[in-house]
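Here is a briefing on the structure shown below. Keep the viewer open while reading.

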Amino acid sequence: MSKMSTSELRSYQQICGKNGAMMVIACDQRGAMRSLLASDPQQQSAISEHELGLIKADITQYLASKASCVLVDPVCAVPQLVDNGIIARDTALLIGLDASGWDNSPEGYRLSRLVENVDARRVRELGATGGKIMVYLRSDQEAANRHNIDILRQCIEDFAREDLLLVVEFLTYKLDNETGEEYKEKVPSLIYGGTKICLECGAKVLKLPYPGSKQACADITKLAGDVPWAVLSAGVDHSTFLKQVADAMSEGASGVIAGRSLWKDCISLDRNATKSRLESLAVPRLNELQAVIEQHFHAPSHNQTQQVEHV
């Protein structure tokens with residue numbers, strides 16, 4: 001089991017709230033954000049990176065300032081968040097390394113991509129607390145994962161050399177030759193198997209999809225050991241996510257990295273409307289989410305400094 005260095009542990013503490021639980025607002029999406037802003041593909045492609053950056057700045061200012069950390073992309077959001085004084089001094093910053101979308105292999109597997117010219121050193125130069133990498137995994141198909149595992153190992157090794165925190169995320173997906181029902185039945189085992197792959201690659205902090213049930217959450221916690229994991233929202237509706245978070249936190253999860261479930265109904269190309277909805281809709285949702293975390297979070301019984309790998 002990979003353990004955090006002193007520097008990584010310090011960064012991890014900064015992405016957590018005062019109660020020790022992760023509460024990260026995710027707005028590193030590009031394609032998904034464009035699809036929320038416009039239904040027509042041509043309209044989506046016309047939305048500039050600058051416009052997305054302004055929306056991410058508003059999410060950071062109005063929502064993430066009330067959490068412990070914000071996760072953004074290096075394409076639209078930084079260095080402006082820092083240079084323009086938008087991110088609060090006590091809000092931690094994670095920067096995503098994964099490029100929007102994926103490539104398709106001849107077999108129909110999703111091949112993950114990285115944003116060009118963004119590595120651990122660049123993440124540090126941008127003033128971030130740490131980075132985040134997301135890859136697609138199908139743990140039941142060894143051939144599907146070779147390319148993505150190579151990316152995962154490359155990023156983990158790069159951040160270890162820089163002694164900088166890296167949050168590791170994976171998503172799973174349906175194959176063309178399986179039905180929706182067949183895929184749904186496999187999801188818990190795919191999330192368990194994907195988690196195992198990430199841990200074997202050296203992940204020290206995990207961002208994971210909800211694995212399907214309280215028992216599945218307990219299984220993930222047992223598998224992860226001392227490696228903390230946060231549950232992601234995957235764009236589900238707010239009430240559903242609250243139930244998922246309650247399950248995850250009561251069974252040993254260490255926090256939440258949430259995006260669309262909080263702000264998907266709030267953003268538009270009208271900045272005044274976005275700001276108003278963030279305040280009236282997203283902030284109350286965040287308060288409810290924080291209450292669930294507070295109710296169910298069980299801080300590790302051992303001293304977290306025991307996780308440190310002294311170098």
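Helices are DSSP runs of H or I with at least four residues, strands are DSSP runs of E with at least two, and both are numbered from the N terminus. The model is predicted, so local features need pLDDT of at least 70 and side-chain atom pairs count only at pLDDT 80 or more, while totals for chains, interfaces and linings use all residues. Residues are numbered from 1 along each chain as its sequence is written, and side-chain values use heavy atoms, with hydrogens and water left out.

**Salt bridges**

- A salt bridge here is a side-chain nitrogen of Lys or Arg within 4 Å of a carboxyl oxygen of Asp or Glu.
- The structure holds 19 of these salt bridges.
- In helix α6 (residues 120-125), E125 and R122 sit three residues apart, about one turn of the helix.
- E125 and R122 form a salt bridge, with their closest N and O atoms 3.5 Å apart.
- Accessibility classes use relative accessible area: buried is under 20%, exposed is over 50%, and partly exposed is in between (1.4 Å probe, protein chains only).
- E125 is exposed, at 54% relative accessible area, whereas R122 is partly exposed at 32%.
- In helix α8 (residues 180-200), E200 and K196 are four residues apart, so about one helical turn separates them.
- The side chains of E200 and K196 meet in a salt bridge at 2.6 Å, N to O.
- K196 counts as partly exposed, with 40% relative accessibility.
- Salt bridges that share partners link D28, D98, K132, E169 and K207 into one network.
- K132 and D98 form a salt bridge at 3.0 Å, N to O.
- K132 belongs to strand β6 (residues 130-136) and D98 to the loop between β3 (92-96) and β4 (103-104), so this pair ties together parts 34 residues apart in sequence.
- K132 and D98 are both buried.

**Barrel**

- Strands of a sheet pair through backbone hydrogen bonds, either parallel or antiparallel.
- Two strands count as paired if DSSP finds at least two bridges between them.
- Eight strands form a closed barrel with parallel pairing, in the order β1-β2-β3-β6-β7-β8-β9-β10.
- From one strand to the next, the twist averages 25 degrees.
- Strands β1 (residues 22-26) and β2 (residues 69-72) run parallel and are joined by three bridges.
- I25 stands opposite V70 in β2.

**Helices across the strands**

- Axes are lines fitted to C-alpha atoms, for helices over the stretch in contact, and angles run from 0 to 180 degrees between N-to-C directions.
- Contact means heavy atoms within 4.5 Å.
- Helix α10 (residues 238-250) lies across β9 (229-232) and β10 (255-258), running at about 165 degrees to β9.
- Helix α12 lies across β1 and β10, at about 155 degrees to β1.

**Packing of α4 and α12**

- The axes of α4 (residues 49-62) and α12 (residues 271-296) come within 10 Å and cross at roughly 35 degrees.
- L54, D58, I59 and Y62 of α4 make the contact with R271, T274, K275, L278, E279 and V283 of α12.
- These contact residues divide into five nonpolar, one polar and four charged.
- By class, Ala, Val, Leu, Ile, Met, Phe, Trp, Tyr, Cys and Pro are nonpolar, Asp, Glu, Lys and Arg are charged, and the others, Gly among them, are polar.
- L54 is partly exposed, at 27% relative accessibility.
- The C-alpha atoms of L54 and Q13 are separated by 28 Å, and the two residues are 41 residues apart along the chain.
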